[in-house]
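Open the structure in your viewer and keep the selection tool ready. We will go stop by stop.

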Amino acid sequence: MASQFALETRDLRKEFGDNVAVRGLSLQVQPGEVFGFLGPNGAGKTTSIKMLLGLVAPTSGTATLLGAPLGDRAARAKIGFLPEHFRFHDWLTAREFLILHGQLYGILSARLRERTAELLDLVGLTPFQNKQLRTFSKGMLQRVGLAQALLNDPQLVFLDEPTSGLDPVGRRLVRDIIRDLRDLGATVFLNSHLLSEIEITCDRVAFIKHGEVIRVSELNTLAAERGETSVTIRAGGLTPEALAGLNQWGRDVRADGDHITLTVTDDSALPAITRHLVTHNAEVYAVTPQRLSLEELFIQIVGTDGGL
Amino acid sequence: MPTFIMARLTFLEAVRRRIALAAFLLGLAFLILYGVGFYFITRETGVPTGSEPTAQLVRSQIFNFLTNAGMYAVNFLTLAMGALVSADTLAGEIGSGTIQALVTKPVRRAEIVLGKWLGFAGLLALYLLLMAGGVLAIVYLQVGYRVPNPVAGVGIIYLESLLIMTISLACSSTFSTLATGGTIFGLYGVAFIGGWVEQIGTLLRNQTAINIGIVSSLIMPSEALFRRAAFEMTSATARALGMSFGPSFVISVPSGAMVVYAALYLIAALAVAVRQFSGRDL
């Protein structure tokens, strides 16, 4: 079953006894996309990822990764995975750990040495490469785990809660790595509780609840989907006429000193608003459309009951 | 290739986590104790010292008995080592989640199981060689005595330790570490009691007791295998008298078929380990 998608699932289902963990997951992820996987606790996200990676056998349904059926070893050689609650053989040093996983990927030793050094450098662990992992902090472990997921220059990377345990610097590192992966044409499948992370990094998101996809959205068009955008303006020298004139483009106009907020129905109003302020001699510093926050959307779609 | 990577990792783990070190230090302590004990037993008890044939014969029987008693302890320590190292290997890695980054690599799950098996087999071989070699060397250096067929005897003990290790691995692929440990301990108990029931049955010519012993040996051939190993390493004189030297006197010797049975048992247990681990959710 050839598939042009980096990842495609059809009615993937998993039952544990009477308990249905994933009811019927159907997803299509484009090559080169950064895809966010969202849902409340217990929605079946981790089980879904485990099925995709062959850790858990689906009860029914089919899926392909990089065009190959689940469990295909040739496909797995091109996939990277950072498991949730990443645990490892902590009696290995960081370098040994990467070498081991590289060997399991079948990377030849000369290339592997080179790649290990590159990755240790990328995640900032070069000075600690000969320390056993048991001495590492949670953030350092997350970094070495991330390096492990990149050893094989993967075409498809699964990151399950990659920023948990990371400080802001580490989180930025993860974001940069995801961006680099996208630039290299890799597909990233990201499961994160941190909606702000998803918001910054992802092209599309799937919302899942009770083991089913209830909505897939493009992040850039989220605002359009909702039909309106909130705009924040910072400008000096505002006259009452200038303010009153804003009503023709939007509603809920509110001014607080140099700050104005209003809600517009379309981004295309922004140049007109700017022009209007400038002709009224206002000094415009910023006109910023606010994306609908993902958190709002999450609660709107998934509901406040958290899917329980 | 992944099999050898896993075997190497298993070996390295035993070294890094100081399991190997602890086992070897305790093994060394045993050998020292055995050496000292052997020294005093052979000098301060009534071992005949004369050079007439009867004295020589009695002496060599005593040395044979003492060597095999030492081998029984080595046998037990090697079995314990086999069960302990492998009981946690799959269950522990599944529990902690370290297995997840391994099985999602382009490797077969069977390769992971076989690699671990190979690593443990290497570890046990090394341990047994040092321990059994130590006992044989202590006896030879002190009194110049050599047991018959040491290679066959130690080989059978090795098979026995591999069997226990493999059963432990198979349990570990399905059950928790604790349940695995309990199962192995129980099986060992069945074999141990069954072995003695069989011997007493043989002594009293009670066929029911003998049958109970045989059935328990089929459930768990460890004790029977040791009796076979002891038989291999017993002098022709004692054999002619219908006994061999174990920790005490062995009067019911399992046939060579038991060794073949144990080998088949081992292969089956390994197949179960691979099958269970390959089929389960992690």
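**Stop 1: the interface.** Start where chain A meets chain B. Across this interface, 14 residue pairs are in polar contact, with both residues at pLDDT 80 or more. A polar contact is a pair of N or O atoms within 3.5 Å; within protein, one must be able to donate a hydrogen and the other to accept it, and residues adjacent in sequence count only if both atoms are side-chain atoms.

Now select β1 (7-16), α2 (73-76) and α3 (94-104) of chain A. Each supplies at least two residues of the side of chain A that touches chain B. Of these, α3(A) gives the most to that side, with five residues. Helices (H or I, at least four residues) and strands (E, at least two) are DSSP runs, numbered from the N terminus.

Before moving on, note the ground rules. This is a predicted model: local features need pLDDT of at least 70, side-chain atom pairs count only at pLDDT 80 or more, and totals for chains, interfaces and linings use all residues. Residues are numbered from 1 along each chain as its sequence is written, chains are lettered from A and ligands numbered from 1 in the order in which they are written, and side-chain values use heavy atoms, leaving out hydrogens and water.

**Stop 2: a bridge between chains.** Select E96(A) and R16(B). Their side chains meet in a salt bridge, 2.7 Å from N to O. The term means a side-chain nitrogen of Lys or Arg within 4 Å of a carboxyl oxygen of Asp or Glu. Chain A and chain B share two salt bridges.

**Stop 3: a bridge inside chain A.** Select E33(A) and R204(A). They form a salt bridge, with the closest N and O atoms 2.3 Å apart. E33(A) lies in the loop between β2 (19-29) and β3 (34-38), and R204(A) in strand β9 (residues 204-209), all of chain A, so the pair ties together parts that are 171 residues apart in sequence. E33(A) is buried, at a relative accessible area of 8%. R204(A) is buried too, at 16%. Buried means under 20% relative accessible area, exposed over 50%, partly exposed in between (1.4 Å probe, protein chains only).

**Stop 4: E197(A).** Which residue forms a salt bridge with E197(A), the closest N and O atoms being 3.5 Å apart? Select R171(A) to see that partner. R171(A) is partly exposed at 26% relative accessibility, whereas E197(A) is buried at 6%.
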